[in-house]
Amino acid sequence: MPLPRPSRAPLPRPAAGPFLPRRARTRPALLAAGCAALLALTAAVPSAAAPVRPDPAAAGSVVLDWYDTTARTVAATAAPTQITNSRTWAVGWIAAARAAREAPGGGPARGRFQDAAVASAVHDVLVAVAPSRKDDLDTALAASLAGIPDGAAEDRGVAAGARQARAVLAARAGDGLDPASSNAPFPVPPAAPGVWQPTPDGYAPAIQYGNRLARPFLLERADQFRPGPPPALDSDRYRADLEEVRAYGAADSAVRTARQSETANFWYSGSLTLYTDALRVAVARSHGSSADRAALLALFHAASVDTQIATSDGKYTYLRWRPVTAIRTGAIGTDPAWRPLHNTPAHPDYPSGHATYAGAAQAVLDALAGPVTEPFDLTSPTAPGVHRAYTGWAQLTRDNVDARVYSGIHSRSADEAGARLGDAVGRYALRHADRLLSGRL
């Protein structure tokens, strides 16, 4: 049969998917869906029909200062599990958003309170989870407070930040997002067609099995948006998926273009790493207050944690084998020498975690930053020297979906299911934003 050609067009999606036309994703539509907090959070965000313009004052904002401090701290003390690092971001910025919402009245005092609250909350959370960085974090806090006029607003903001940091840390204690819980041992099932087995080169034990048992920030349960089952092994869709991976994802592919190889290499890095710069663009170009920006960050990272929990639930429910196993053991012919472009991660195929993360990120960013923006560049540690220019969050989702096929590590069905799952989790987080930001969890 002819080889399927990867599509660069938006993926087919249900009416609520992240590729919904821009007009249908404007603020009134989201509010009508029940996202009570979005009116306050997006009041200063331009219409989704117009690009987001950069705010010249944003470059020196306290939120951006602490965004960069969080990124440095996580990088310097990174846990071996992405979900643990995502938790650090989420806890710090949930505390900051809640503290900033306590700001009284209006005028300059309100902004001073918010800035002090953000700095204090993020500082205290980071000291708690990364005590080895305390000296650097204390220096950063002193610098932030030196830029805020002394007075009651600053003092009350610092107190609010410290109080919310303690509260969120206490509430999230024992949530199962630590590395040991995340990588709980998984008993590999007997080999059978379609059933996941450890993959070459290392045949490493399964990882992320415990994520499905962790406590979400907003989801009621891990399987709340579980996707339907993957295509049957004897279906036309699955055969097309596997033939596409066999052709375009092979290490020695004769049909994958240089651009497609670059896409695979670029997005091979971890999702949290790759989205850190993209999210910073959205925050820097936001026209909102410090409270609004902190809320965006809190929702983004809470949704990303919940998405990783939901992804693990799907993976270890369906236990779908990876393409390398299917191709080498004869799902469609037998090619025992076939090698993917990139080594396959040690967990099942369906749904794709990279695509799920991208779907959740797009849902939050489309809603709170607008789906389009002026061009911005991203770089990747797994594609040195490469710069990718983007003008909208959907483009990142598209590249994530394609990249995992070109890497030879996921079927397109797994990628598309992942993007839909992430979108569902992101939209749920938006609908329940007030519950997250007010502390009613």
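Guide: Start with a cut-off: buried means under 20% relative accessible area, exposed means over 50%, and partly exposed lies in between. Keep in mind that this is a predicted model.

Visitor: Why is arginine 412 called buried?

Guide: Arginine 412 has 7% relative accessibility. The limit for buried is under 20%. So arginine 412 counts as buried.

Visitor: What makes arginine 412 and glutamate 244 a salt bridge?

Guide: The rule asks for a side-chain nitrogen of Lys or Arg within 4 Å of a carboxyl oxygen of Asp or Glu. Here the N to O distance is 2.9 Å. So the pair meets the definition. Glutamate 244 has a relative accessible area of 4%, so it is buried.

Visitor: How do you know that arginine 133 and aspartate 136 form a salt bridge?

Guide: Their side chains meet at 3.4 Å, N to O. The cut-off is 4 Å, so the pair counts.

Visitor: Why is arginine 133 called partly exposed?

Guide: Its relative accessible area is 23%. That value falls between the limits of 20% and 50%, so arginine 133 is partly exposed. Aspartate 136, at 46% relative accessibility, also counts as partly exposed.

Visitor: What does the salt bridge of glutamate 262 and arginine 388 tie together?

Guide: The side chains meet at 2.8 Å, N to O. Glutamate 262 lies in helix α10 (residues 258–266) and arginine 388 in strand β2, so the pair ties together parts that are 126 residues apart in sequence. Glutamate 262 is partly exposed, with 24% relative accessibility. Arginine 388 is buried, at 1%. Salt bridges with shared partners join Arg259, Glu262, Arg388, Arg398 and Asp399 into one network.

Visitor: How many salt bridges does the structure hold?

Guide: The structure holds 22 salt bridges.

Visitor: On to the rings. How many aromatic pairs are there?

Guide: The count is 15 aromatic pairs. One of them is phenylalanine 376 with tyrosine 390.

Visitor: Why is the pair of phenylalanine 376 and tyrosine 390 called tilted?

Guide: First, the ring centres must lie within 6.5 Å. In this pair they are 6.2 Å apart. Next, planes under 30 degrees apart count as stacked, and planes over 60 degrees as edge-to-face. These planes are at 35 degrees, so the pair is tilted. Phenylalanine 376 lies in strand β1 (residues 372–378) and tyrosine 390 in strand β2 (residues 388–392), so the pair ties together parts that are 14 residues apart in sequence. Both residues are buried. Ring pairs also link Phe266, Trp267, Tyr275, Phe300, Tyr357, Phe376, Tyr390 and Trp393 into a cluster.

Visitor: What lies over the face of phenylalanine 217?

Guide: Arginine 172 does, at 3.8 Å from the ring centre. Arginine 320 lies over the face of tyrosine 238, at 5.0 Å from the ring centre.

Visitor: Where does glutamine 208 lie?

Guide: Glutamine 208 is in the loop between α8 (179–182) and α9. At 28% relative accessibility, this glutamine counts as partly exposed.

Visitor: Which residues does glutamine 208 touch?

Guide: Leaving out residues up to four places away in sequence, glutamine 208 touches Ser182, Asn183, Ser312, Tyr316 and His347.

Methods:
Residues are numbered from 1 along each chain as its sequence is written. This is a predicted model: local features need pLDDT of at least 70, side-chain atom pairs count only at pLDDT 80 or more; totals for chains, interfaces and linings use all residues. Side-chain values use heavy atoms; hydrogens and water are left out. Rings of Phe, Tyr and Trp (its six-membered ring) pair if their centres lie within 6.5 Å; planes under 30 degrees apart count as stacked, over 60 as edge-to-face and the rest as tilted. Helices (H or I, at least four residues) and strands (E, at least two) are DSSP runs, numbered from the N terminus. Buried means under 20% relative accessible area, exposed over 50%, partly exposed in between (1.4 Å probe, protein chains only). A charge sits over a ring if NZ of Lys or CZ of Arg is within 6 Å of the ring centre and within 35 degrees of the ring normal. Contact means heavy atoms within 4.5 Å.
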